[in-house]
Each structure stands twice: as C-alpha cells, then as structure tokens.
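Subject: Structure for you to look over

Hello,

Here is the structure I promised to pass on. Please open it alongside this note.

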Amino acid sequence: MTIATIRRRHLLALSALAAPAIGAGSARAQGAAWPNQPIRMVVPFAAGGPTDVPARLLAEEMSKQLPQRVVVENRTGSGVVVGTDAVAKGPQDGHTLLYTTVAHAVTRAMFPRLPFDPIADFTPVSLVGQVPVILLVHNSFPATNLREFIEVIRANPGKYDYASSGNGGAVHLATELFMHAAGGLRVNHVPFRGSSAAMPDVLSGRIPMIFDIAASALPYARSGELRALGISTRQRSPLAPNIPTMIEQGVAGYEAYTWHMVMVRSGTPAPVVDAISRAVAQAVAVPTVQTRLTELAMQLVPESTPASAAAYLRSEIAVWEPLVRAANITAN
C-alpha cells in the first residue's frame with residue numbers, strides 16, 4: 001500500500017466518521033459535569049515554539065467558553081516522552097489534556113523502552129489541523145526547482161547536509177520521507193534544537209537546505225533570503241500559491257505534515273471525551289482563532305471527532321513507524 005493510498009483512506013475516514021460525531025442527548029447529559037475544575041493542557045514542547053503557540057490560542061478560547069480555565073503546562077524532556085507520560089499516568093477525568101504533534105506517531109519506534117503505548121494509553125479527541133513543510137535552499141545552491149534539486153543530490157550522494165529541528169521531529173521525518181520518495185537520495189542530517197536554531201547556518205549557506213514547517217519557512221521564502229523549491233501539500237497552499245507542490249514536480253504521493261491533536265488518557269468516559277471534542281470544535285470555529293491558526297499555516301480540520309482523530313493517528317503511525325525503523329532514526 002502506498003503512502004498516498006493510506007492518506008486518501010484516512011482523509012475519507014475523517015468525513016465518514018464526522019457525521020455521527022457529537023453524541024446524543026444522554027451523552028450530553030453525562031458529560032455535563034465536565035469541567036468541574038481547572039483543565040491542564042500539557043504541551044510536551046517548549047514555550048513559545050510552533051506547537052505551543054497554537055495550543056495557547058486554543059486554550060485561551062476554550063477558557064472563554066467553558067466554566068473553568070484551560071491552563072497550558074509545558075513539560076519537555078526526552079523529546080515528547082516526559083510530557084506525554086505525564087498525561088498517560090494522569091487522571092482519567094478529562095481535566096488533563098495532551099496537545100501533541102506527529103512526534104507522537106514515532107515515539108514507539110524511536111524509544112525501545114517507552115513508558116507508555118501511544119495508542120493503547122490515549123484516546124484521541126480532536127485533530128485540530130495539519131501544517132505542511134517547505135523545502136528551502138540557500139540561494140547559492142545549484143538548483144532553481146525541485147527536479148534540478150533531485151538531480152544535484154542524486155549526482156552527489158552524501159555530499160550535502162540538511163538541517164532539522166531535532167531527531168524524530170516533523171522536519172527530520174519530512175526530509176527522510178522525501179529522500180525515500182524521490183528514489184533513495186543520500187544527504188547528511190545535522191540536527192539542531194529547533195528550526196530557529198538551525199536557520200543561521202542555513203542563511204549563511206554553511207548548511208544548504210532545510211525542510212522547515214511552513215509557518216517559519218514562509219517569511220524567508222517571501223523575503224527572498226532563501227529559495228523555496230516545493231511544499232508538501234497535495235494542492236498548492238493559498239498562503240503560498242507561487243510555491244509548487246512536490247507532487248506536481250514529480251515526487252508522486254509525497255505529502256508530509258506536522259499535525260496538532262488533542263488527546264486524553266484512555267479510560268476517560270466517552271461522554272467526557274465528546275464534551276471535550278465539542279469544546280475544541282467550538283473554539284476552533286471562532287473566526288479570530290481560525291484566522292490566527294491559518295496565518296500559522298495550519299490547515300484546519302473542523303469536522304474532526306474522536307473516532308476520526310483515532311483513525312488518523314493509526315494511519316500516521318502506519319506511515320511513520322516503518323520509515324523511522326528503515327532510516328534508523330533514533331532519539332539521540
């Protein structure tokens with residue numbers, strides 16, 4: 001089964017599963033007690049980063065609409081393991097949420113002694129949205145489009161380096177997936193502590209390329225400081241209509257995103273899960289929130305439900321776990 005087939009199937013599942021979504025009257029009644037205390041939204045990433053900012057937007061809007069505040073708690077360490085484990089071992093009452101990304105889909109493959117199971121120990125609540133990546137190269141790089149880029153890399157295996165935001169992060173995964181999809185290209189990985197830390201070396205040309213998430217890549221592409229060769233979406237992004245997709249440039253089936261998802265610990269009562277899902281959907285539906293998330297290059301999934309989010313998570317694990325093992329991507 002191809003990557004493109006898997007993705008098409010889970011996107012169809014999103015629409016099919018959305019219809020029965022938000023429970024009947026009895027479920028609403030059982031979930032009415034939630035929330036009866038402040039809600040912790042655990043973000044297993046540093047404050048101020050590309051995951052933390054959307055999480056805080058969501059938490060702020062949910063706090064306006066709910067009778068209790070939603071407080072973001074940044075819990076970092078061992079990638080996303082420390083923060084995620086805190087939720088896996090937390091209460092099953094819906095007052096502790098996990099706001100996570102595609103990193104959740106590769107924890108099992110990257111950490112042989114993981115203290116939680118990324119599927120069994122969590123109940124997905126809502127897929128908030130997807131953020132694509134953009135291939136940026138230094139202006140001195142000898143390629144002006146993706147086909148030329150592939151030809152240069154193929155003719156010089158192992159010569160070029162690429163920067164990433166860290167081992168197993170969205171940038172690293174998207175790059176490895178691309179190199180595989182483009183025919184097994186060989187480049188050298190140079191991890192940094194975040195893409196912002198990598199950018200000085202990319203801007204100077206010391207490291208000639210990075211597949212960065214669109215929110216941070218677009219300013220460099222628009223200013224001309226770096227050259228954008230392609231975006232990882234199926235169709236061109238309205239935020240960057242002049243950047244062609246990888247697919248239209250010949251890399252069949254290539255799509256890669258970091259995604260943002262709200263989860264709770266498994267065992268949380270279904271009516272509470274449904275109530276949280278409704279709260280997330282209501283917050284994301286607010287026009288100012290939609291505008292801000294769209295400005296952060298997020299493609300929103302307003303129809304997401306617990307069932308469709310769970311289907312999406314399983315399909316993403318099916319894509320990324322084999323890649324991580326084949327590429328021997330480790331946490332260090």
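A word on the basis. This is a predicted model, where local features need pLDDT of at least 70, side-chain atom pairs count only at pLDDT 80 or more, and totals for chains, interfaces and linings use all residues. Residues are numbered from 1 along each chain as its sequence is written, and side-chain values use heavy atoms, with hydrogens and water left out.

Helices

Start with α12, residues 306–326. Helices are DSSP runs (H or I, at least four residues), strands likewise (E, at least two), numbered from the N terminus. Helix α12 has 21 residues and reaches 30 Å from its first C-alpha to its last. That is close to the expected 30 Å (1.5 Å times one less than the number of residues). Of its 21 residues, 15 are buried, so α12 is largely enclosed by the rest of the structure. Buried means under 20% relative accessible area, exposed over 50%, and partly exposed in between, with a 1.4 Å probe and protein chains only. Just after α12, Asn328 takes a positive phi of about 55°.

Helix α7 (residues 170–181) packs against α12 at an angle of about 80°, with the axes 11 Å apart. Axes are lines fitted to C-alpha atoms, for helices over the stretch in contact, and angles run from 0 to 180 degrees between N-to-C directions. That makes α7 roughly perpendicular to α12 (65 to 115 degrees; under 35 is roughly parallel, over 145 roughly antiparallel, the rest oblique). On the α7 side, the contact uses Leu173, Ala174, Glu176, Leu177 and His180. Trp320, Leu323 and Val324 come from α12. Contact means heavy atoms within 4.5 Å.

Strands

Strand β3 covers residues 96–100. Five of its five residues are buried, so β3 is largely enclosed by the rest of the structure. Thr96, Leu98 and Thr100 point one way, Leu97 and Tyr99 the other.

Which strands pair with β3? Two strands pair if DSSP finds at least two bridges between them. Val42 stands opposite Leu98. Strand β9 (residues 257–265) runs antiparallel to β3, also joined by three bridges. There, Met263 is the bridge partner of Leu98.

Strand β9 is mostly covered, with eight of its nine residues buried. It also pairs with β4 (residues 122–137), antiparallel, over nine bridges. Pro124 stands opposite Met263 in β9.

Best regards
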